[in-house]
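Visitor: I would like to know how the labels used for a protein model are decided. Please go through them one at a time.

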Amino acid sequence: MLNGFAPLLPGGPDKRPRVGEEWQKHAGLAVLELQQRSSACVCWHVGADGCWYNAIDIDGPEAIAFLRAHGLDPLTADTWRIVRTSNTDRLKLVFRVTPEQKAELAAGRKKVLIGRAEGNPGAPLELFAKPGTQIVVLGNHHDKSGQHDDQYAWDGRP
């Protein structure tokens, strides 16, 4: 189903595409090819030319509260959601965008910090719009120590 949206690439435990140094120029692999690679994860190059989708990475309850306060509940939004199976406060929302919207997003900042307060540096709400950005859409999630702790999975709209 994802074929044709944007290049799908095999990824390693560090969430980086495993197709060489110039992965941004790679055309992507078919689902069967991805399955044959036995990769730790599957990456989606949302920054690719001609990819009219964009993703927002929502990291934590502060980011979820921020979106709800602005009229969007990320846990029930009628769009594609990529979730972490053991952490409901971490997810990505994927939206279809126009070429004009994509250009405007790509020209802006990649990361917005919200929830800034005394003792709270803010929860990241990242916009993936720039060329050379990718998101993990399926497979294992590895924590900072390299240990596998849960899965990336699709939720929401099929």
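Guide: Start with exposure: buried means under 20% relative accessible area, exposed means over 50%, and partly exposed is in between, with a 1.4 Å probe and protein chains only. This is a predicted model, where local features need pLDDT of at least 70 and side-chain atom pairs count only at pLDDT 80 or more, while totals for chains, interfaces and linings use all residues. Residues are numbered from 1 along each chain as its sequence is written, and side-chain values use heavy atoms, with hydrogens and water left out.

Visitor: Why is D73 called partly exposed?

Guide: D73 has a relative accessible area of 26%.

Visitor: What makes the contact between R68 and D73 a salt bridge?

Guide: A salt bridge is a side-chain nitrogen of Lys or Arg within 4 Å of a carboxyl oxygen of Asp or Glu. Side chains of opposite charge can pair when their charged atoms come close. For R68 and D73 the N to O distance is 3.2 Å, so the pair meets the definition. R68 is partly exposed as well, because its relative accessible area is 42%. The structure holds 7 salt bridges.

Visitor: Which residue forms a salt bridge with D150?

Guide: The side chain of D150 meets that of R84, at 3.2 Å from N to O. D150 lies in strand β9 and R84 in strand β4, 66 residues apart. Both D150 and R84 are buried.

Visitor: Why is the pair of W44 and Y53 called tilted?

Guide: Rings of Phe, Tyr and Trp (its six-membered ring) pair if their centres lie within 6.5 Å; planes under 30 degrees apart count as stacked, over 60 as edge-to-face and the rest as tilted. By this rule there are 3 aromatic pairs. The ring centres of W44 and Y53 are 5.9 Å apart and their planes are at 50°, so the pair is tilted. W44 and W154 have centres 6.3 Å apart and planes at 40°, so this pair is tilted too. W44 sits in strand β2 (residues 41-44) and W154 in strand β9 (residues 148-156), 110 residues apart. One aromatic cluster is formed by W44, Y53, W80 and W154.

Visitor: Are W44 and W154 buried or partly exposed?

Guide: W44 has a relative accessible area of 2%, so it is buried. W154 has 29%, so it counts as partly exposed.

Visitor: What makes N54 buried?

Guide: N54, in strand β3, has 4% relative accessibility and therefore counts as buried. Contact means heavy atoms within 4.5 Å. Leaving aside neighbours within four places in sequence, the contacts of N54 include L93, F95 and F128.

Terms used: Helix = DSSP H or I, 4+ residues; strand = E, 2+ residues; numbered from the N terminus.
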